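Subject: A structure for you to explore

Hello,

Here is the structure I promised to pass on. Please open it first, and then read my notes next to it.

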Amino acid sequence: MQLDERQILVSQMDDEQLQAELKQHGVVLTPYEARRIVDLIGRDPTLCELHIFNVEWSEHCSYKSSLATLKEFLPTDAPNVIQGPEEDAGIVFFAEHEGKRYGVVIAHESHNHPSQVLPNEGAATGIGGIVRDVDCMGADVIATADPLRFGDPSGENAERTKWIVRGVVDGIWQYGNALGVPNLGGDVYFAEDFDDNCLVNVIALGLVAEEDIIHSAAPPEAATEPYDLILVGKPTDDSGFGGSAFASKILDEEEEEDDRGAVQVPDPFLKNVLAMKKANAQVKQRAKELGLAIGFKDIGGGGLACATSEITAEGGYGVDIDLDKVHVGLENLLPEVICCAETQERYVWAVPAHFSEEVLRIYNEDWDLPNIYEGAQARVIGRFTNDGIYRLVQQGKIVCEAPVEAVTSGISYERDSQPRQFEGTEPEFEMPADMKETLLKVIGHQNVCSRAYIYRCYDSEVQGNAVIRPGEAGAGVCAPLEGCPKGVALSADGNPFYGLIDPYWGGATAVAEAMRNVAAVGAKPAALTDCLNFGNPEKPQAFWEFREGVRGLADAAKNIHLKDYPDSPTPIISGNVSFYNESATGRAVAPSPIIACVGVLEDYSQAVTIQLKQAGNKLLLVGPRQDELGGSAYYQVLDLGLGRNVPQIDWQQEQGMIWAVVDANEAGHIAACQDISDGGVAVALAEMALGGHGTGQFGVHIQLDEEKLRGLRADKWLFSESTGFVMEVHAGHEQQVQEIFAGYGLELMALGEVSGDAQFDVTVAEELLINLPLDQIRDTWAGSLAEVLGS
């Protein structure tokens, strides 16, 4: 068969000519990379091959700059890990129930660049993609979460930032609600560092019986019997063409209009028919009944080329694909567009050839895909081979013929790393004269106030499994397995201001906070995922920030162990790296490792929220206050700059606090609990009084003295963001709680008690420092974000 005549004569060009030729074809490969392709395939590439390598060797798909660092630092294994980060989602053990072992599936991705250019579509397709990652593991999708970072809504780019916020939030709820997946949480920060590059990270959870797990690989049986490659879903069009390469480049406002074509178009209603215990599930169930080995992979970044090459390479095979058999939505599509467009709501299956007809019938007749969406269907497009070659033909010509291993893993870099010096210093200032007004400013700050404006449209009740919803605690909780008392907790955290000061502690504190939030609801942290959002890895200081962030989060995971396996680090079982979060002006985002933690509750009925429950209950603090206000909300409110003393983690103390909080909650001693983070103890107490929905009616009376302050000025003590917890303990249970914490070598401090008068009082050395009615705090906290964002 003849090779496509559209060859790019890489070997005959100098670097300048080659760079111009690559740019003309919309390819962001470097001349070195183009020449590397020639070395690997033994000839000049066709234009289709060039585009396939362009997406497969992008940072988004290949991890060519990050993989070595991830392998160097991250702990990925533990006794409770069922599936580590080798696939699109990780799986951690959840429960044994009715003779089956179940795992929680978790995936964590970014959709940053698309959301900056087309916020609604970018965010919606981010949710769509992360749900597919979980679905293709054989799981039922049970929840999503959305950590978000936006520009300053009061800054010089305020109107653009507000437009992006509204578009992203709309995209998330419009897709997630229509799909029927509850949103259980996330977090939000605003800062000018994200003016030119917002961060839209997405997380999905699933539940799967261990015996039902499906892998994204053609199975071993394909070596000895015919296996077909089946494409399912929307007809391929040109939407998202070049999307993975776009996600791996620096954003330039002058190219924004062109970049919009690289953003995918979502359809949650078709996805609902495919994914939500419907068509895909029927194929899985039928294959199980017949005892057939199958492979299943979603089509996301890199399009059909990425999915088909990776499911092939993971199995150790080759594949022959006829692009004329791919159902398309536009006429005369070029082969590179068919291969690399990122049309949404598509999957590929690897199934025995004798099963193919039944798979097609399930999709095309039983679920009637062609009438759900015009042109949608399932079709056999290829056959797996044993020659290790990735071979694509169109109209009788070979448009790609390359070793599949070269396509999927043919490039890597050792980037230079150069430390940057943080020039900030700790501010010198007097304690504000009016601490009441100061507390109101902090509680009303855009990075502290109620997030209800963001999540108010999200459906957390669909599926009927929600136990703790967004806002009610630092982690969401659901009960996904009918008849089983166990619950799943999910949190997502990462303070970008800490990363600006010290990326190592930015990573470490993100892990610790995510684990604290899971523990605060009563769950034992079980596993972590990471989405690593950084600037241009080709810049040595940016790559140093990345390595330091990874080192920090890895050290935290290695030193804060699993409670059920005390000698095991907390495993990082899935994640994503997002580089080039930088504008053409050279402005990069704050180093932003965003961590998700999944936890397990033995009994979801024991889950606790942050809201205070009963007047007279005692309020206890664990975690000593330090002069650690670097990056704090307090410094931001007072316009004091970032400061320098970023919170640091004592590993043994942190592990002890997390384990002790879990023990105390399981013993029934804790009525409410909140971890200490943004805004320190003062904000933690205020949020507990308000409750997640602002409906709280109990106040707090806090009594401090010089012994409790331990030499720290009262305002710094109240707003320090040193790690810790505030707990409301049931009356008469104080001694038992003291004994639990003493068993971990930890000292508790009595802060005061819950009051019935709806007042927020803080007394220091018998002087009333803060005295505010809860209603005044509530009004400020509840309304600030809507006021800032303009609705």
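Let's begin with a cysteine: cysteine 484 is buried, at a relative accessible area of 7% (buried means under 20%, exposed over 50% and partly exposed in between, using a 1.4 Å probe and protein chains only). Before going on, please note that this is a predicted model, where local features need pLDDT of at least 70 and side-chain atom pairs count only at pLDDT 80 or more, while totals for chains, interfaces and linings use all residues. Residues are numbered from 1 along each chain as its sequence is written, and side-chain values use heavy atoms, leaving out hydrogens and water.

How many disulfides does a search of the whole structure find? The search gives zero, where a disulfide is a pair of cysteine sulfur atoms within 2.5 Å. For cysteine 484, the closest cysteine sulfur belongs to cysteine 478 and is 12 Å away, too far for a bond. Cysteine 48 is buried as well, with a relative accessible area of 0%. Its closest cysteine sulfur, in cysteine 339, is 4.0 Å away, which is also too far for a bond.

Next, have a look at the sheet. It is open and has six strands in the order S17-S18-S19-S22-S20-S21, with mixed pairing. Strands (E, at least two residues) and helices (H or I, at least four) are DSSP runs numbered from the N terminus, and two strands pair if DSSP finds at least two bridges between them. Strands S17 (466–468) and S21 (572–578) are at the edges with a single partner strand each, so one side of each has no neighbour in the sheet. Further in, S19 (residues 487–493) and S22 (residues 592–601) run antiparallel and are joined by seven bridges. Alanine 492 stands opposite alanine 596 in S22.

Helix H22 (residues 540–559) packs on this sheet and touches S20 (524–533), S21 and S22; contact means heavy atoms within 4.5 Å.

Finally, find helix H12 (residues 279–290). Its 12 residues reach 17 Å from first C-alpha to last, close to the 16 Å expected at 1.5 Å a residue, the expected span being 1.5 Å times one less than the number of residues. Ala279, Asn280, Val283, Lys284 and Ala287 are buried in H12. These residues cover an arc of only 145° around the axis, so they lie on the same side of H12; the arc is that of the directions from the helix axis to the C-beta atoms. After H12 comes glycine 291, with a positive phi near 70°.

Enjoy exploring!

Notes: Axes are lines fitted to C-alpha atoms, for helices over the stretch in contact, and angles run from 0 to 180 degrees between N-to-C directions.
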